[in-house]
Amino acid sequence: MLSDPITALATPPGRSALAVIRLSGVGAFDVAKRVISGFQADPPRRATLARFHEANGQLIDRGVYTPYPGPHSYTGEDLVELSCHGGLLVPSRLLAAVQAAGARPAAPGEFTRRAVLNGKLDLVQAEAVGDLIDATAPVQAAAALRQLDGGLSLRLAALRESLVEVQALLSYDIDFPEEDEGPVPPQRITAQL
């Protein structure tokens with residue numbers, strides 16, 4: 001299903017001060033309520049300190065959650081980010097609790113895939129997300145950020161618009177060669193190209 005609740009660790013596993021777990025999809029807020037004591041979706045995009053617990057009430061950690069109601073989220077769906085202490089134990093327990101509460105593990109790249117399917121990113125921007133993650137040099141990161149900001153997408157949209165205009169001129173010339181000012185001059189089509 002393309003809108004069911006999904007979850008994944010958004011930070012690398014291992015020893016760290018913090019770990020971030022993402023939860024997205026239809027029913028994400030309901031899943032969050034089962035894991036986060038006092039979960040509230042309002043106000044949106046505001047970090048709130050809370051207790052994270054398992055279904056049996058066992059405390060996992062105290063951390064911060066941030067709700068992002070759709071369509072104003074990365075995926076375009078209801079999304080919650082949970083920040084907990086890092087390491088191996090706490091993030092894995094929290095991830096297991098979120099899954100036990102109704103979310104399934106996300107496939108690699110599924111959050112970005114949903115962003116594309118929900119019109120938050122185009123394919124070029126989605127590719128730029130991977131490029132930015134894999135960047136090892138500042139110039140690579142800068143190029144990825146330009147793509148992510150829509151640099152290439154805007155250029156492609158402008159080229160597409162120009163081609164549609166040429167197509168319209170050619171169609172007009174074929175369908176109505178004797179209308180208005182007569183046939184479209186070849187120089188006009190050449191200039192447009």
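Leu154 is exposed, with a relative accessible area of 60%, in a model that is predicted. This residue is found in helix α6, which spans residues 151–175. Between Leu154 and Val80 there are 74 residues of separation in sequence, and their C-alpha atoms are 30 Å apart in space.

The strands are described next. An open sheet is formed by six strands in the order β3-β4-β5-β2-β1-β6, and the pairing within this sheet is mixed. Its edge strands are β3 and β6 (104–105), each of which pairs on one side only. Strands of a sheet pair through backbone hydrogen bonds, in either a parallel or an antiparallel sense. In the case of β3 and β4, the pairing is antiparallel and extends over six bridges, with His53 standing opposite Leu59 in β4. The hairpin of β3 and β4 has five residues between the strands, and within this hairpin Gly57 takes a positive phi near 95 degrees. Strand β4 is also joined to strand β5 (residues 79–87), with which it runs antiparallel, by five bridges; here Tyr65 stands opposite Leu82 in β5.

A search of the whole structure finds two aromatic pairs. In one of them, Phe29 and Phe39 form a tilted pair, with 5.6 Å from centre to centre and 50 degrees between the planes. Because Phe29 lies in helix α1 (residues 28–35) and Phe39 in the loop between α1 and β3 (48–53), this pair ties together parts that are 10 residues apart in sequence. Phe29 has a relative accessibility of 12% and therefore counts as buried, and Phe39, at 5% relative accessibility, counts as buried too. Phe39 and Tyr65 form an aromatic pair that is likewise tilted, with a centre-to-centre distance of 5.0 Å and 40 degrees between the planes. Since Phe39 is in the loop between α1 and β3 whereas Tyr65 is in strand β4 (residues 59–68), the pair ties together parts that are 26 residues apart in sequence. Tyr65 is buried, with a relative accessible area of 2%. Through these ring pairs, Phe29, Phe39 and Tyr65 are linked into a cluster.

Rings are also involved in contacts with a charged residue. The charged end of Arg22 sits over the ring of Tyr74, at 5.0 Å from its centre, and Arg22 lies over the face of Phe111 as well, at 5.9 Å from the ring centre.

Several backbone features occur in loops. Most residues other than glycine have a negative phi, and most peptide bonds are trans. In the loop between α1 and β3, where Pro43 is placed, the peptide bond from Asp42 to Pro43 is cis, with omega near 0 degrees. The loop between α1 and β3 also holds Arg45, which has a positive phi of about 60 degrees although it is not a glycine; at 47% relative accessibility, Arg45 counts as partly exposed. A cis peptide bond, with omega near 5 degrees, likewise leads from Gly70 to Pro71, and Pro71 is found in the loop between β4 and β5.

Ser73 has its place in the loop between β4 and β5 and, at 7% relative accessibility, counts as buried. The side chain of Ser73 reaches the backbone nitrogen of Gly76 at 3.1 Å and the backbone oxygen of Glu77 at 2.4 Å.

Helix α4 (residues 123–134) comprises 12 residues and reaches 17 Å from its first C-alpha to its last, which is close to the 16 Å expected at 1.5 Å a residue. Gln125, Ala126, Ala128 and Val129 are buried in α4. These residues cover an arc of only 155 degrees around the axis, which puts them on the same side of α4. On the other side of α4, by contrast, Leu123 and Asp134 are exposed. The N-terminal end of α4 is capped by Asp122, a side-chain oxygen of which lies 3.0 Å from the backbone nitrogen of Val124.

Definitions and conventions:
Residues numbered from 1 in each chain as written. Predicted model: local features only at pLDDT ≥ 70, side-chain atom pairs only at ≥ 80, totals over all residues. Heavy atoms only, no water. Helix = DSSP H or I, 4+ residues; strand = E, 2+ residues; numbered from the N terminus. Expected span 1.5 Å × (residues − 1). Buried < 20%, exposed > 50% of the residue type's maximum accessible area, 1.4 Å probe, protein only. Arc of directions from axis to C-beta. Polar contact = N/O pair within 3.5 Å; in protein donor to acceptor, adjacent residues only side chain to side chain. Phe/Tyr/Trp six-rings, centres within 6.5 Å; stacked < 30°, edge-to-face > 60°. Lys NZ or Arg CZ within 6 Å of the ring centre and 35° of its normal. Pairing = 2+ DSSP bridges.
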